[in-house]
Amino acid sequence: MRITVLGGGSWGTALAGLFAGQGRETTLWIREPELASRMRQTRVNDVYLPGIILPDALRIEHDLPRALVGSGVQVLAIPCQFSREFLEQARPHLPMRPVVVCASKGIEVAHLATMGQVVEEALAGLTPIFAILSGPSFAMEVAKGLPTAVAMGCANDAIARELQGLLTGPMFRIYTNPDVRGVELGGALKNVMAIAVGMLDGLEAGLDARAALITRGLAEMSRLGVAMGAQERTFMGLAGLGDLVLTCTGELSRNRAVGLELGRGKALAEILGSRKTVAEGVATTRSMFQLGQQHGVDLPIAAAVHAVLYENAPVRETLSRLMARNLKSE
């Protein structure tokens, strides 16, 4: 079955190289024509995944209709906030009942929609079959062939098992999970917590503080997830705890890096202006905060991150207010 990976950022490039290296017929669609041209010549994505040589078998394409011809599985690796617009553009070139495997993590700010909802709404009438890959996975480590395990949320058991067999490789292990909402929320919400941990690390608040925030952050993620229809146990798995621990502690974490700079006193605009890659947690913080209010769920850590990002609250004072909250049982 032919795979088309849509989006040539670090994660899309890593996945395309992985699938092609496993012998799967794979096309990588790149938005930037100059980058696509260079990649065809050098086999390297020098902007988003430098130093990684892609398999010769990987087809690199800039023309979207051509990239989708004969595609049996579309792996969506477009940043969350741009996915709806992209899918609307891709829609005329997709078949009925397209199999869309989402590799993006986030919650759309404009409609407070999860990625599954974005795909369903943007491709309404085509009856898309949706799955989402999420879990502790840095693009560079996957691209280097290091051992990785992720979860794939898919409500259709037969399709889930077929995709599991298609996409799993010797060093890329996929576990299926029918709780789509839990898998997609785990992957999105942990980015907010990673920003919070980064801020603590920037303040040199210590390892005790980091461990406490990860633990209480997981509780917030679970509370909101359950309120939105997810299963609590999903947040104890790869898409929840696994991804949370990696993103909050790994040196390759984009979201932790943003928090780290905030904790060291840099302004958000300056931080984002210097980055080539997207830190989805910045936008997801706004979505998580609003969803908490909408569902009546107490999210003190998310509210604190929101205050720093969008209300100009000083990081150290925000930490002090968080620690001074009314005492309660765990």
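Q: Is Asp157 buried, partly exposed or exposed?
A: This is a predicted model, with residues numbered from 1 along each chain as its sequence is written. Local features need pLDDT of at least 70, side-chain atom pairs count only at pLDDT 80 or more, totals for chains, interfaces and linings use all residues, and side-chain values use heavy atoms, with hydrogens and water left out. Buried means under 20% relative accessible area, exposed means over 50%, and partly exposed is in between (1.4 Å probe, protein chains only). At 48% relative accessibility, Asp157 therefore counts as partly exposed.

Q: Which residue does Asp157 meet in a salt bridge?
A: A salt bridge here is a side-chain nitrogen of Lys or Arg within 4 Å of a carboxyl oxygen of Asp or Glu. The N to O distance for Asp157 is 3.0 Å. Both partners lie in helix α7, four residues apart, about one turn of the helix (helices are DSSP runs of H or I, at least four residues, and strands are runs of E, at least two, numbered from the N terminus). The partner is Arg161.

Q: Where do the buried residues of α7 fall, seen down the helix axis?
A: The buried residues of this helix (residues 157-167) are Ile159, Ala160, Leu163, Leu166 and Leu167. Taking the directions from the helix axis to the C-beta atoms, they fall within an arc of 130 degrees, so they line one face of the helix.

Q: Which residue caps the N-terminal end of α7?
A: Look for a side-chain oxygen 3.2 Å from the backbone nitrogen of Ala158. That oxygen belongs to Asn156.

Q: How many residues apart are Asp298 and Lys328?
A: They form a salt bridge, with the closest N and O atoms 3.5 Å apart. Asp298 sits in the loop between α13 (281-295) and α14 (300-310), while Lys328 is in the segment after α15 (315-323). Asp298 is partly exposed at 39% relative accessible area, and Lys328 is exposed at 56%. The pair links distant parts of the chain, 30 residues apart.

Q: Which residues do salt bridges with shared partners join into one network, Arg256 included?
A: Start from Arg256, found in helix α11 (residues 254-263) and buried, with a relative accessible area of 8%. A polar contact of 3.0 Å joins its side chain to that of Asp201 (a pair of N or O atoms within 3.5 Å; within protein, one must be able to donate a hydrogen and the other to accept it, and residues adjacent in sequence count only if both atoms are side-chain atoms). The network is made up of Asp201, Arg210, Glu251 and Arg256.

Q: Why does the pair of Trp29 and Phe86 count as tilted?
A: Rings of Phe, Tyr and Trp (its six-membered ring) pair if their centres lie within 6.5 Å; planes under 30 degrees apart count as stacked, over 60 as edge-to-face and the rest as tilted. Trp29 is buried at 8% relative accessible area, and Phe86 is buried at 5%. The ring centres are 5.1 Å apart and the planes are at 40 degrees, so the pair is tilted.
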